[in-house]
Amino acid sequence: MSDDKDKTVQDRHFINLSEQYEVRDWSNSLGVTEAQLREAVAAVGSSADKVREYLSHAR
């Protein structure tokens, strides 16, 4: 998925691991390492809500 700057509301619901700034921002926001973020996305997909839920159970 390309990072469409016109769809910022939609983009906030998904984590794009191809954009380094998103990886950094999501890692900081969720309080996890890049590796943990990538593991969560691999496990449940790019939905930010699903990643949050996954990470809450992983701690």
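**A shared nonpolar core and its surroundings**

The largest nonpolar core of this predicted model holds 11 residues, namely Ile15, Val23, Trp26, Leu30, Val32, Leu37, Ala40, Val41, Ala48, Val51 and Leu55. Helices α2, α3 and α4 each supply at least two residues of this core. A nonpolar core is here a set of buried Ala, Val, Leu, Ile, Met, Phe, Trp, Tyr and Cys residues joined through side-chain atoms within 4.5 Å. Buried stands for under 20% relative accessible area, exposed for over 50%, and partly exposed for values in between, with a 1.4 Å probe and protein chains only. In soluble globular proteins, nonpolar side chains tend to be buried together.

A word on conventions may be welcome. Residues are numbered from 1 along each chain as its sequence is written, and side-chain values use heavy atoms, with hydrogens and water left out. Because the model is predicted, local features need pLDDT of at least 70 and side-chain atom pairs count only at pLDDT 80 or more, whereas totals for chains, interfaces and linings use all residues.

The protein has 4 helices and 0 strands, and from the N terminus on its elements run α-α-α-α. Helices (H or I, at least four residues) and strands (E, at least two) are DSSP runs, numbered from the N terminus. Of the 59 residues, 29% count as buried. The accessible surface comes to about 4100 Å², and carbon and sulfur atoms account for 50% of it; these areas come from the Shrake-Rupley method with a 1.4 Å probe, and for residues only the protein chains shown count as cover. Among contacts between residues at least 6 apart in sequence, 27% join residues at least 24 apart, a contact being heavy atoms within 4.5 Å.

Helix α4 (residues 48-58) has Ala48, Val51 and Leu55 as its buried residues. They cover an arc of only 60° around the axis, which puts them on the same side of α4; the arc is that of the directions from the helix axis to the C-beta atoms. An α-helix has 3.6 residues a turn, so residues three or four places apart point the same way. The buried residues of α4 pack against α2 and α3 (34-44). Leu55, for its part, touches Leu30, Val32, Gln36 and Ala40, not counting residues up to four places away in sequence. On the face of α4 turned away from the buried side sit the exposed residues Asp49 and His57.

Helix α2 (residues 20-30) includes Ser27, which is buried at a relative accessible area of 7%. Leaving aside neighbours within four places in sequence, Ser27 is in contact with Val32, Thr33, Glu34 and Leu37. The C-alpha atoms of Ser27 and Leu37 are separated by 6.3 Å, although the two residues are 10 apart along the chain. A polar atom of the Ser27 side chain also lies 2.8 Å from the backbone oxygen of Val23. Gln20, likewise in α2, is partly exposed, with a relative accessible area of 47%. Its contacts, leaving aside neighbours within four places in sequence, are with Glu34 and Arg38. Gln20 and Glu34 are 14 residues apart in sequence and 9.9 Å apart in space, C-alpha to C-alpha.

The loop between α1 (8-11) and α2 holds Phe14, a partly exposed residue with a relative accessible area of 31%. Not counting residues up to four places away in sequence, Phe14 touches Glu22, Trp26, Ser46, Ser47 and Ala48. Phe14 and Val41 are 27 residues apart in sequence, with 9.8 Å between their C-alpha atoms.

The count of salt bridges comes to 3, each being a side-chain nitrogen of Lys or Arg within 4 Å of a carboxyl oxygen of Asp or Glu. Asp25 pairs with Arg24, the closest N and O atoms being 3.1 Å apart; Asp25 is partly exposed at 38%, and Arg24 is partly exposed at 45%. Arg38 and Glu34 meet at 2.9 Å, N to O, and both lie in helix α3, 4 residues apart, about one turn of the helix. Arg38 is partly exposed, with a relative accessible area of 33%, as is Glu34 with 35%. Asp49 and Arg52 are 3 residues apart, about one helical turn; Asp49 counts as exposed at 52% relative accessibility and Arg52 as partly exposed at 37%.

Note on methods: Polar contact = N/O pair within 3.5 Å; in protein donor to acceptor, adjacent residues only side chain to side chain.
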